[in-house]
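User: Let's go through this one piece by piece, and please spell out the cut-offs as they come up.

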Amino acid sequence: MSVEATAGELPGTGKATNLQIIRRLLTYMTPFNAIMFTSLTARVVKIVAQAAVLGIAAASVGLYIESATPGVVNWDVLWRQVRWIALAGTIVGFASYIENYTGHYVAFRILAAFRDKFYYAMLPLAPARTAKLQSGDAVSRVMTDCERVEPFYAHTIAPAVAAISVPIILLAWCWSVHPTLVWALAPFYVATTFVLPWLVSKLGGDGIRYREQLGQVNAFVADSIQGVRDTVAFGYEKRRARELWEQGASMQAGQEKLYGADATQRALAEIFITVGILASAWVGVELALAGQISTLVELPAVIAVSVVGFYVSVGMANNYTDFRVSIIAARRLFSMMDQPPAVVDRQQGATSTGVESSIHFRNVHFEYDADDVDWSRQKKVFDGFSFDIVPGRHVALVGPSGTGKSTVVNLLLRQWDPQTGEIRIGNRPLKDFSLVELQKFFAVVSQRAFIFNESIRDNILLGRHDATQADVEAAARGAGLAEWIATLPDGYNTACGERGSKLSGGQRQRVAIARAILKNAPIVLLDEATSSLDVETELGVMRAIRNLSKGRTSLTIAHRLSTIMDSDEILVMLEGRIAERGTHNELIAKGGWYARMFEIQKDEVDATLVKD
Amino acid sequence: MLGVDDRLVTPATLKWVKVGLLAGLATIPTTIVLYYVLGLTIDAALAGTNQIRDWLFVLTFLVLLKAGLAWLFRTGQFRASSEAKLNVRDQIYQQVVKLGPGILGKRRTGEIANTATEGVEYLDYYFSVYFVQIWVAIAIPIFLCAAMFSIDWVVGLWTLAGVPLTPLFVGSSARGFRRISKQNEEVKNRNSSQYLDSIQGMSTLKMFNEGDRRGQQMEAGNETQRQLTMKLLLVAQFQFVFLELGFALFSTAVAMAVALYRWSGGFMTPGEVVAVVLLSLEFSRTLLLIGEFFFAGALGREVAAKVIEFLNEKAPVSAGVGRNPGAKPDKAVRIEFRNVTFTYPGADKPALQNLSMTLEPNETVALIGRSGSGKTTVTNLLLRTLEPDSGEILFDGIPEKELALDWIREQIALVPQDPFLFYGTIADNLRVAKENATEAELVAATKSAELYDYIRSTPDGFATKVGDQGMALSGGQAQRLAIARAFLKNAPIVVLDEPTSQIDVETETLLNRALARLTENKTVLLIAHRLSTIEQADRIIVLEGGLLAESGTRQALLAQGGIYAGMIRTKRDIESQTHSHGTAPAVAGG
């Protein structure tokens, strides 16, 4: 895989322009348009009212002084002006309340909505295109990316809208004071609102290079920490630490540009703001000297209002970093969401009921895509692969790892489609069924059954969500779980923990078996269902599996040959084809791969066999 | 100065924090001067002159000064945080090495790796925003009050009365926020863990046709959470109305009214009144700054606390400088465990208890026992990534505490069951064992490890990328790479964790040949899983619950009729059991 890929960039959406990504992000916001609009309006009202507070206070100077005689306090004017400020302040308060409230609403909803969008987008892609999401780290990276998108809605749109609309409103007010003010101030507003962010983006680039570097450094750090045993054992730690430091330092150098641009932007913003304020004062003074506006009423108000305006107008530039990070994160997520699914589903299809539960592979040619390195080391898996399973038979599939045993299951479930050849259930090609209908044929128990962080009951109910408690208990009994569950204080409500961490390996597999029993599907697929268990546990789980397979067609993929010796037929797969087939005794007599492997495995001692 | 653990702050960080802080503080007077000048301009306008034109030169300087300070402020923040992150990553790694694999399980290294990558990024805010901006925010009202006082002491006094507003505001909104976030935390965590679960278990959901239902469930969960939160916020955020109004009244309105009152008394010029009004705006800027660091700081503080906690963990090995009995001796080494007891921190019972055993030079000892019996602990003690609580380990009769750590580790070549491959080339991964190994040495080592033929078959040879983001090696290939590492190291002691079941017929022969070569003329500790290898060992040691249960030659143990003998018996029993099962016709249902 290339270095770019490690930074999480996939081809495809990578080419979308920032504008396209922004537009797409905005379409996601459509359901919240009304509330977003309210929030934006409240923000604009709030800032304009803040400008009014300061403007009124400044204008009060003139209003008071012109109506008062020195030495006598004119309480009437003072109180009137304070009341005006209080009114404007109240508007600020309410607008701020509305802005905060609706802002929270949007922030809450958008993040959740965005995650849901991602979930639904990934659903048709699983598992062929979601190999990366199998690792916890990768998922947490995705979650972080989702969170990084949120500031786009929460902290980018509002400041941007305010930075554009508030100056326009304030300029409109200036126009009413004296048109010349507008001509003097408008260029500065344009500079802070538009030129500044543009300049920053030119100076700092889009930051992609930095994100890539960060990804590399982080991968290096994670690698160093996770490989600590081998590092220490070979005295590699000093070298590794040095390299780690060097990588960090070189990334630091790469950041300079980005940081430099940000610092420069702050400096430029300061210049634009200060010069803009001074310019408003300059023009105001000239107008006052020319007698066009009043020196003590309008001049102070103009200065005060422009101060507020300029601080708002840099909002766009100040949030540019957040915005940039959001876009990069969104681009990454979109590129994952936009992958083409590995199989094309059909809306309407045959129903699964009444179809004979036989399996046929007819001259199947299959290879994984180049992108699918996570699934198989060998690209070409099947080159004209055929076999049949008669309904009700128990068939085992064995062979060295990497020969495509699991691919048989993947193809049956239509997680991938073969390039040529046909796979049938009964007499119907798989493609006759919709994917939903197809899943009804199979009950699958895989090597590491996925256990959700929910109760035992909920995990079993996955098999059939409307099953009664009696059904669940029957399934648990069949899987050999019932006695253990009876000893638990919370019984079926016991939480399974993160990825089933509160259950032992054997219990996890049993929960998966209970699910499969509850599903009551005609074909049972066991993909290394007991391989990760120790021999002792495996023997117990095998009994549960026999319960499950009873009266159904079953296909068992196994590593330990002792677990499949009693199959009706054993198929030995070597390099994508069936090399040997027969019963255990026939294969032993044949003296081929199976017989040799059986000999090797006989040699294995599982430490857990040591009994007290 | 920063109130942070010193280990998180390097001199470079401190320097840049100071730079940022000074620049931030210096910005305040420049702003005050600007507003005061604007006030004076109005007085001048009343007198009929445009003072800005007259003071153009000074004002240009002020503008440039402000710009320069803003640049420094930002640069200081950035540099401080980037220096800090570099240092923290390094510190975490050093601590990982110090704690070693004995203490850090697989699960924990994953967690720590997360803290050292994603977590460290949050320190960015911690150092840049929190440390600098909190002081600037505190200084602003002080500077402002001072400025007000110097303009007019009565105005100054009144402004002083408004200063507590800021902490009040922050305090009450923080309290409100905390209450809500606490109420929400549980629901939120539940929702997001459900989401994580759903993403990772997506294939399972699909197999059971539960994908859409699950999605709807999550949407409903989110909606419930939102409604709950919004109901709370509806009330909690009403304070904004009063607080914003309070600010308008107490800072701006009071400043204006008092200043005008003082003007009436003849104590202030109109321009000064305007300056006071403009300055009152700066009070509210404090709020903006505080808002920024309040949330960012909280996140950073959490990570910092986590890092500190990790750095505070006590290393299991005393780092005393021991002696080095000379370069790698060409002869095998004798190892002795004398009454060794070890308990993992936090565990209630010892992992090893009173273990005494000896590995004679050139002897191969098989260590067997069920998982959790203490086999891995023995390896870790031998490598001195753990140190015994009592008892001692001797190398050629010298207690390990008197020996240099580096020397001990030089004596041992570890061939683990699941070798770790770093992301990099095959050559990089081999050179982990020997920094300047020549190409010829790599070839020799991989030939001995029976890996060379495979490497030659790849298009890039030794430059083939492996590891997490490279090409995956099969279990057997990875194991042979580990053996090649051991060849490069050429240490007198070999600790070999034998691979378990996932070995193929073809790999088996290669692996056996490679191992036979590696262990020749070495002292070997073999954590064994196969009868044939166990039988080849000179001696067998059986561990049981941290205790040495049996020790002796194979014959002796069989005669003794203990655990080992029982194991062989059970093995035969199971075999015959499954055999009979296989022939039983009843099982083939259907």
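**A covered strand and its surroundings**

User: Which residues of β8(A) lie on one side, and which on the other?
Analyst: A:T553, A:L555 and A:I557 are on one side, A:S554 and A:T556 are on the other, and all of them are buried, which leaves both faces of β8(A) covered. Buried here is 20 or more other C-beta atoms within 10 Å of the residue's own, exposed is 12 or fewer, and partly exposed is in between, with C-beta atoms placed from the backbone. Strands (E, at least two residues) and helices (H or I, at least four) are DSSP runs, numbered from the N terminus. The model is predicted: local features need pLDDT of at least 70 and side-chain atom pairs count only at 80 or more, while totals for chains, interfaces and linings use all residues. Residues are numbered from 1 along each chain as its sequence is written, and chains are lettered from A and ligands numbered from 1 in the order in which they are written.

User: How many residues of that strand are buried?
Analyst: The count is 5 of the 5 residues in strand β8 (553–557) of chain A, so the strand is largely enclosed by the rest of the structure.

User: Switching to helix α16(A): which of its residues are buried?
Analyst: In this helix (residues 469–478), the buried ones are A:V472, A:E473, A:A475 and A:A476. They span an arc of only 160 degrees around the axis (taken from the directions between the helix axis and the C-beta atoms), which puts them on the same side of α16(A).

User: And what do they pack against?
Analyst: They pack against α15 (456–461), α17 (482–487) and α18 (505–519) of chain A, where a contact means that C-beta atoms, placed from the backbone, lie within 7 Å. After α16(A) comes A:G480, with a positive phi near 75 degrees.

User: How many residues does each chain put into the contact between them?
Analyst: Chain A contributes 142 residues and chain B 138. On the chain A side, helix α9 (237–289) gives the most, with 26 residues.

User: What is the class make-up of that side?
Analyst: It has 78 nonpolar, 38 polar and 26 charged residues, with Ala, Val, Leu, Ile, Met, Phe, Trp, Tyr, Cys and Pro counted as nonpolar, Asp, Glu, Lys and Arg as charged, and the others, Gly among them, as polar.

User: What about the largest nonpolar core?
Analyst: It has 363 residues, and B:V277 and B:L367 have the most contacts inside it; such a core is a set of buried Ala, Val, Leu, Ile, Met, Phe, Trp, Tyr and Cys residues joined through C-beta atoms within 7 Å. Helix α4 (106–151) of chain B supplies the largest share, 20 residues. Leaving aside residues up to four places away in sequence, B:V277 touches residues including A:L54, A:V61, A:A304, B:T252 and B:M256.

User: On to the sheets in chain B: what is the strand order in the one with 6 strands?
Analyst: This open sheet runs β6-β9-β10-β3-β11-β12 with mixed pairing. Its edge strands, β6 (412–415) and β12 (547–552), each pair on one side only. β6(B) and β9(B) (493–497) are parallel and joined by 4 bridges, with B:A413 partnered by B:V494.

User: Which helix lies across β6 and β9 there?
Analyst: Helix α16 (475–489) of chain B does, running at about 170 degrees to β6(B); axes are lines fitted to C-alpha atoms, for helices over the stretch in contact, and angles run from 0 to 180 degrees between N-to-C directions.

Definitions and conventions. Pairing = 2+ DSSP bridges. Contact = placed C-beta atoms within 7 Å.
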